[in-house]
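Here is a guided look at one protein, written for someone new to reading structures. Have the sequence and the 3D view side by side as you go.

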Amino acid sequence: MKLVLASKNQKKLAEMNEILSGLGVEVCSEAEAGVDLEVEETGTTFEENSLLKARAVMEASGLPAIADDSGLCVDALGGAPGVYSARYGGEGLDDPGRTRLLLENMRGQTPRTCRFVSVITCCFPNGDVLSARGECEGTVAYAPVGENGFGYDPVFFVPELKKTFAQLSPQEKNARSHRGRALEAFQVKLEEYLKNR
Ligand code: IMP
């Protein structure tokens with residue numbers, strides 16, 4: 001079975017193929033499916049946004065499509081930046097800029113607990129929808145540490161490891177990350193779905 005990934009991120013494509021190839025599933029890019037969409041993420045939950053993206057690409061390609069929506073939720077900030085993680089502080093900021101803004105907004109705030117969340121949704125042309133969520137708990141570090149990863153990784157501190165996500169290898173991060181966990185849960189649901197088709 002072929003799934004189209006509703007994303008232009010090559011890293012996500014490789015990661016999904018690595019995990020789902022065991023089920024005889026091939027994940028291809030939007031470009032390979034002849035689709036080039038910019039889906040507006042107008043939802044207020046990770047579930048809504050991943051569904052919006054997957055449904056739009058499924059409708060445009062006629063093939064089953066998979067999407068993930070993710071972000072960082074900080075307790076002391078009422079769950080922000082949450083679904084707005086990629087746009088925190090406006091379009092003008094890059095990853096280090098958003099990280100700095102987060103640290104500024106966390107000055108003097110307690111607790112510093114937070115979690116990364118990822119929701120993966122797959123839409124099939126017959127109307128079926130599969131969805132899975134993964135979370136990873138941490139705290140907001142006091143300053144960026146580490147060179148690996150992307151986004152908020154340098155300030156996402158994992159207390160058990162006494163390291164930020166940016167200090168972990170990709171394998172170490174995938175083994176515990178929100179996206180790794182969501183993909184694992186999704187894999188189980190997809191396996192069950194394919195068996196009962
Ligand atoms: P999405 O591509 O709409 O899901 O946006 C996700 C945003 O959340 C990214 O741009 C990052 O800012 C943040 N984010 C999600 N997952 C991670 C991660 O694993 N590490 C660091 N930042 C992440």
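The report below goes through the pocket, the salt bridges, the cysteines and some details of the backbone.

## Before you start

This is a predicted model, in which local features need pLDDT of at least 70 and side-chain atom pairs count only at pLDDT 80 or more, while totals for chains, interfaces and linings use all residues. Residues are numbered from 1 along each chain as its sequence is written, and side-chain values use heavy atoms, with hydrogens and water left out.

## The largest pocket

Rolling a probe the size of a water molecule over the atoms shows where empty space is left. On a 1 Å grid over the protein atoms alone, a pocket is an open set of points where a 1.4 Å probe fits, with protein on both sides within 12 Å along at least five of seven lines; a lining residue has an atom within 4 Å of a point. Grid points are joined across faces, edges and corners, and the volume is the space filled by probe spheres set on the points. The largest pocket holds about 1,400 Å³ of space.

Which residues lie nearest the centre of this pocket? They are Asn9, Lys12, Ser70, Phe150 and Arg179, out of 48 lining residues. By class, the lining has 18 charged residues, 15 polar and 15 nonpolar. Here Asp, Glu, Lys and Arg count as charged, Ala, Val, Leu, Ile, Met, Phe, Trp, Tyr, Cys and Pro as nonpolar, and the others, Gly among them, as polar. Elements that each supply at least two lining residues include helix H1 (10–20), helix H2 (46–61), strand E3 (65–74) and helix H5 (178–195). H1 gives the largest share, 6 residues. Helices (H or I, at least four residues) and strands (E, at least two) are DSSP runs, numbered from the N terminus.

## Salt bridges

How many salt bridges does the structure hold? There are 14, each one a side-chain nitrogen of Lys or Arg within 4 Å of a carboxyl oxygen of Asp or Glu. Take Arg179, one of the residues nearest the pocket centre: its side chain meets that of Asp68 in a salt bridge, 3.0 Å from N to O. This pair links distant parts of the chain, with Arg179 in helix H5 and Asp68 in strand E3, 111 residues apart. Arg179 counts as buried at 7% relative accessibility, and Asp68 is buried as well at 2%. Buried means under 20% relative accessible area, exposed over 50%, and partly exposed in between (1.4 Å probe, protein chains only).

Glu41 and Lys53 form another salt bridge, with the closest N and O atoms 3.2 Å apart. Glu41 sits in the loop between strand E2 (26–28) and H2, and Lys53 in helix H2, so the pair ties together parts 12 residues apart in sequence. Glu41 is partly exposed at 28%, whereas Lys53 is buried at 11%. In Glu192 and Lys195 the closest N and O atoms are 3.6 Å apart; these two are 3 residues apart in helix H5, separated by about one helical turn. Lys195 is exposed at 62%, and Glu192 is partly exposed at 42%. Finally, a network of salt bridges links Lys8, Glu30 and Asp36.

The structure holds 0 disulfides, a disulfide being a pair of cysteine sulfur atoms within 2.5 Å. Cys114 is in no disulfide either, and the nearest cysteine sulfur, in Cys136, is 8.8 Å away. Cys28 is buried at 1% relative accessibility, and Cys114 is buried at 0%.

## Backbone details

Most residues other than glycine have a negative phi, and most peptide bonds are trans. With that in mind, look at Ala80 and Pro81, joined by a cis peptide bond with omega of about -5 degrees. Pro81 is in the loop between E3 and H3. Thr110 and Pro111 are also joined by a cis peptide bond, with omega of about -10 degrees, and Pro111 lies in the loop between H3 and strand E4 (113–123).

Lys162 is not a glycine, yet its phi is positive, near 55 degrees. Lys162 is found in the loop between strand E6 (156–158) and strand E7 (163–164), and it is exposed, with a relative accessible area of 65%.
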